[in-house]
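Student: I would like to learn how to read some features of a protein model. Could we go through them slowly, with the general idea before each case?

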Amino acid sequence: MLMEKLFHLPEIYVLALCLRTAHSFATLNFSCEGGAMDAEMFEYHKEEEPEQNEFFLGEKRKIIQPTSLKDPKLENLKQVLIDWINTTLKVKHIVVQIVEEDLYDGLVLHHLLSTLADVQLPVEEIALTSTAQIRKLEVVLGELNRRLGLQDNSQIKWNVKLIHNKDLLATIHLLVAMVKCFQPELDLPPDVKVEVVSLEVSSSGIKSDVQTEVLTEDSKTDSLCNTEREDPIEKLLKLEAHKVNTVKKAILHFVNQNMSAMGLQVADMDKQFADGVILLLLIGQLEGFFIPLCDFNLTPVNTSEMLHNVTLALDLLNDMDMQILNVNPQDIVSQDAAATLKILYTLFKKHKGA
């Protein structure tokens, strides 16, 4: 059944998935006569690997209790996350079946980050060896943690080792954080908790403690948090039309006031910011720096060039600690009024008194 599904995928992913399934094997030899497939098609030779369950002095580890693994709430959460991944990566013909088993080598996480945040990372497409997989995970998780706004290691409930070792708890924590950041409108099953055994190796032996680990908040708490964190523009767009138009006029006046020195005038905020050119010029004007013309497309002629411009603009804002919530470059290029307004409001709020 699995092989039938695999042959619907591009050849490169078929090879990747086959090799990922056999990641603990050093070589892969196969033969196929007359196009027929049979059980002897693959021959594997297992390589020696260190025991993954080995503990080291000072190491801390959490293991989900067997009873919690059978909890219907946990099963439901896992299925929702799998469906979300498969929907997001459908256009790339990537299918996930088991959360912790299919994310360990960085391939799926790499494509999720690329799709959700339009990020291109300098990593190989398919990492076949354990060393290459760990190296890829370091790059992908490093960028993910930055995008999630997690700078303090104490806040991070996953790491390269845990993900590569197919740790279910760490993998779910990571995916839940990604959903909340990149697709907060997705309803995750509320109040999902698991019992875990917390183990710590010390010179005197192994200390253990049973704890409750929260994977998702209950709906009331989550709703309250979302209200407190709600973006000002999202609140604004829920008001009467005349109030929204008043704010838009104020922001448009602010934009034209700052662009007049360059001989530019904006009449339609949604359309004129879609290619990223005026947005980049406005950021440079407000922040007092010049963006080299070789870094962006002054006269973009296609969507790819527009996306490059807008991505650069958002990266500049992030570098200046002006985080724009729930906006990606494609939103701006697609002339999403709310997304464009969020960016301009952020600049307006910072510079209106300057």
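Tutor: Helices (H or I, at least four residues) and strands (E, at least two) are DSSP runs, numbered from the N terminus. This is a predicted model, in which local features need pLDDT of at least 70, side-chain atom pairs count only at pLDDT 80 or more, and totals for chains, interfaces and linings use all residues. Residues are numbered from 1 along each chain as its sequence is written, and side-chain values use heavy atoms, with hydrogens and water left out.

Student: Where is the place of Gln120?

Tutor: Gln120 sits in the loop between helix H6 (107–117) and helix H7 (130–147), and its C-alpha atom is separated by 8.9 Å from that of His110, 10 residues apart along the chain.

Student: Is Gln120 buried or exposed?

Tutor: Buried means under 20% relative accessible area, exposed over 50%, and partly exposed in between (1.4 Å probe, protein chains only). Gln120, with a relative accessible area of 63%, is exposed, whereas Leu298, at 45%, counts as partly exposed. Leu298 lies in the loop between helix H14 (277–287) and helix H15 (303–319).

Student: Which strands pair with S4?

Tutor: Two strands pair if DSSP finds at least two bridges between them. Strand S3 (residues 60–64) runs antiparallel to S4 and is joined to it by five bridges, with Arg61 partnered by Leu199 in S4. S4 also pairs with strand S5 (residues 205–216) in the antiparallel sense over 11 bridges, where Ser198 has Asp209 in S5 as its bridge partner, and a hairpin through two residues joins S4 to S5.

Student: Why is S4 described as largely enclosed?

Tutor: Eight of the 11 residues of strand S4 (residues 192–202) are buried, so the rest of the structure largely encloses it.
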